[in-house]
Amino acid sequence: MNPNYILLAIPFFLLGIGFEFVWGRLRKTNFYNFEDTLTNLNIGIGSQAFNTLLKVLLLTLYEYIYLHFAIFSIGVSIWSFLGCLLVYDLIFYWAHRWGHEMNIFWGAHIVHHQSQEYNLSVALRQSWFHTALGFVLFLPLPLLGFDPLIFAAAAATATLYQFWIHTRHIGKLGILEWVLNTPSHHRVHHGINSKYLDKNYAAVFIIWDRLFGTFCEEEEEPEYGTTVPINSFNPVWANVHFYSDLYAGMQKTPKWRDKLVLIFRGPEYLGKLLGDKRQAAMPEKFRTKVPLNMQVYVLLQFVVLLWALISYMGHFRELSLFYKLSFFALIALTTLNCGAVMENKSWVYVVETVRFAAFLLVYNSLYLLHYKNYFGYTLPGSLLLTGLFISWIFYNRRVAVSGTAV
């Protein structure tokens with residue numbers, strides 16, 4: 001129904017991140033950390049894979065409402081696009097604000113705030129579940145009569161716009177600061193300094209924050225992350241850990257009514273209920289020591305993941321439901337294992353073996369059943385790649401056990 005703007009934008013995202021990294025190194029102001037950056041990118045891959053699963057369902061719902069319940073009939077034009085972008089941005093402001101003020105939404109949105117760095121890779125660190133939870137808030141748009149193609153273009157524009165504002169290398173932009181969301185404004189939004197908390201929710205236009213009283217000017221450089229650090233590079237845990245806290249909070253409330261109300265209360269209340277863990281001083285940045293050869297290993301896994309995501313999104317319509325779910329599960333499991341490698345988890349060797357066995361089965365069965373002409377290439381190629389990676393990770397285990405320097 002519409003071109004996949006995010007898929008087309010992936011090369012530009014990576015080029016932007018690469019340019020910012022090189023620029024920072026040249027200026028001796030590098031804001032990238034290997035483990036954090038890989039985690040951001042892997043979470044972004046998982047988010048896109050999950051949203052690909054949901055996209056057909058959600059856009060079908062949008063189109064159904066548009067065709068059967070639209071109050072007005074708004075044609076496709078540049079003016080309808082600009083109008084849709086403005087209304088979309090206003091709804092985004094409230095969706096984003098409620099994402100900070102209600103536990104059910106914050107449990108998803110917290111993922112975007114967990115990085116203790118601030119760079120362009122953070123823009124890609126998006127929740128796997130937030131679209132599913134928040135999509136209903138945008139259903140006034142088809143009711144107003146905005147064509148699905150216009151909606152998709154407006155949503156993509158707002159999403160792509162927010163990429164460039166996740167940088168510390170761009171200062172204030174003069175008169176634009178009054179109208180647009182800028183890097184300066186969005187740095188405030190990611191800050192955990194007390195005066196910066198829950199400010200500047202805008203996507204494109206900062207006018208909503210000025211209008212509804214949530215605007216804050218950037219003064220000193222913010223500290224980034226969440227007030228209670230996650231201290232993990234596990235993308236799966238990053239997406240579910242707050243809901244684990246929410247469940248624990250519900251266990252502390254005896255009445256069913258209070259349990260339900262807790263879902264819509266704020267995270268600060270939940271924190272107090274569980275025994276607030278916030279520190280008076282800013283938390284230290286979470287770091288691990290990963291051997292160089294295993295940094296190369298997870299970097300190569302990211303390259304494979306990126307190829308898998310592009311293939312998954314590009315051929316999604318051709319896949320049966322079994323393969324759609326299977327490949328998503330493999331993508332999610334790969335992100336989890338990359339985090340485990342970067343946290344030096346002992347169980348990663350067993351799970352990597354299971355992952356590669358599942359990959360060989362699912363990947364080659366797809367080609368055997370549906371693309372038989374290529375099976376003679378995919379089978380030996382996948383066996384060779386799997387043998388290489390399995391040998392690599394178990395060699396590292398032997399070295400780690402023996403204590404030999406890598």
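Q: Which residues in helix 13 do F242, D245, L246, A248 and G249 in helix 11 meet?
A: This is a predicted model, in which local features need pLDDT of at least 70 and side-chain atom pairs count only at pLDDT 80 or more, while totals for chains, interfaces and linings use all residues. Numbering starts from 1 along each chain as its sequence is written, and side-chain values use heavy atoms, with hydrogens and water left out. Helices (H or I, at least four residues) and strands (E, at least two) are DSSP runs numbered from the N terminus. With contact meaning heavy atoms within 4.5 Å, the partners in helix 13 are P267, L270, L273 and L274.

Q: How many residues of the contact of helix 11 with helix 13 are nonpolar, polar and charged?
A: Ala, Val, Leu, Ile, Met, Phe, Trp, Tyr, Cys and Pro count as nonpolar, Asp, Glu, Lys and Arg as charged, and the others, Gly among them, as polar. On this basis, the contact of helix 11 with helix 13 comprises 7 nonpolar, 1 polar and 1 charged.

Q: At roughly what angle do the axes of helix 11 and helix 13 cross?
A: Axes are lines fitted to C-alpha atoms, for helices over the stretch in contact, with angles from 0 to 180 degrees between N-to-C directions. Angles under 35 degrees count as roughly parallel, over 145 as roughly antiparallel, 65 to 115 as roughly perpendicular and the rest as oblique. The axes of helix 11 and helix 13 (residues 267–274) come within 10 Å, and their crossing angle is roughly 60°. The class of helix 11 relative to helix 13 is therefore oblique.

Q: How far apart are the closest N and O atoms of E101 and R97?
A: Both residues lie in helix 3 (residues 78–101), 4 residues apart, about one turn of the helix. Buried means under 20% relative accessible area, exposed over 50% and partly exposed in between (1.4 Å probe, protein chains only); R97 is buried at 16%, whereas E101 is partly exposed at 33%. A salt bridge is a side-chain nitrogen of Lys or Arg within 4 Å of a carboxyl oxygen of Asp or Glu. E101 and R97 form one, with a closest N and O separation of 3.0 Å.

Q: Which residue meets K172 in a salt bridge?
A: The N to O distance of this salt bridge between K172 and E217 is 2.9 Å. K172 is in the loop between helix 8 (148–161) and helix 9 (183–190) and E217 in the loop between helix 10 (207–212) and helix 11 (235–251), so the pair ties together parts 45 residues apart in sequence.

Q: Which residue forms a salt bridge with E220?
A: The closest N and O atoms of the pair E220 and K195 are 2.9 Å apart. The pair links distant parts of the chain, 25 residues apart: E220 is in the loop between helix 10 and helix 11, and the loop between helix 9 and helix 10 holds K195.

Q: Is I206 buried or exposed?
A: I206 is placed in the loop between helix 9 and helix 10. Leaving aside neighbours within four places in sequence, I206 is in contact with E177, W178, V179, L180, N181, H185, N200 and F215. With a relative accessible area of 0%, I206 is buried.

Q: Near what value is phi of D198?
A: D198 lies in the loop between helix 9 and helix 10 and is partly exposed at 39% relative accessibility. Its phi is positive, in a residue other than glycine, and is near 60°.
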